[in-house]
Amino acid sequence: MKIIFLSSYDGGRIIKRSPDIDSDGFYTYGWSANRARALKKHCPEYDIEVWRFSKHTIGYFEKTIEDIQFKVY
């Protein structure tokens, strides 16, 4: 089974310094990463992805962390 968590960053909260694009924090920022990790812990057989949409990101980035595929648009 594949589960996709969708989230977005709308800029409502001011962030003084966003996570570096080379760090895991860039991909795991937000509530959806926490929910995905919790689900993966209880259901390791699931194929889980996190898609985060950001108006501050130019381009598309992806990285697998803890067997979860993170995609930032």
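Here is a short chat about the predicted model shown above.

Colleague: Hi! What should I know about the model before we start?

Modeller: It is predicted, so local features need pLDDT of at least 70 and side-chain atom pairs count only at pLDDT 80 or more, while totals for chains, interfaces and linings use all residues. Residues are numbered from 1 along each chain as its sequence is written, and side-chain values use heavy atoms, with hydrogens and water left out.

Colleague: Thanks. How many helices and strands are in the chain?

Modeller: There are two helices and four strands, in the order β-α-α-β-β-β along the sequence. These are DSSP runs numbered from the N terminus: H or I of at least four residues for helices, E of at least two for strands.

Colleague: Which residues of α2 are buried?

Modeller: Ser 32, Ala 33, Ala 36 and Lys 40. Buried means under 20% relative accessible area, exposed over 50%, and partly exposed in between, with a 1.4 Å probe and protein chains only. The four cover an arc of only 100° around the axis, which puts them on the same side of α2; the arc is that of the directions from the helix axis to the C-beta atoms.

Colleague: And what is exposed on the other side of α2?

Modeller: Trp 31, Lys 41 and His 42.

Colleague: New topic: which residues make up the largest nonpolar core?

Modeller: Eleven residues, including Phe 5, Phe 26, Ile 48, Val 50 and Phe 70. A nonpolar core here is a set of buried Ala, Val, Leu, Ile, Met, Phe, Trp, Tyr and Cys residues joined through side-chain atoms within 4.5 Å. The largest share of this core, three residues, comes from β4.

Colleague: Nice. How many salt bridges are there?

Modeller: Six, counting a side-chain nitrogen of Lys or Arg within 4 Å of a carboxyl oxygen of Asp or Glu. One of them joins Lys 40 and Asp 67, at 3.3 Å from N to O. Lys 40 lies in helix α2 and Asp 67 in the loop between β3 and β4, so this pair ties together parts that are 27 residues apart in sequence.

Colleague: Is Lys 40 buried or exposed?

Modeller: Lys 40 is buried, at 11% relative accessible area, whereas Asp 67 counts as exposed at 54%.

Colleague: Which residues are linked in a network of salt bridges?

Modeller: Lys 2, Asp 47, Glu 49 and Lys 71. In that group, the closest N and O atoms of Lys 2 and Asp 47 are 3.7 Å apart, and those of Lys 71 and Glu 49 are 3.5 Å apart. Lys 71 and Glu 49 are both buried, while Lys 2 is partly exposed at 46%.
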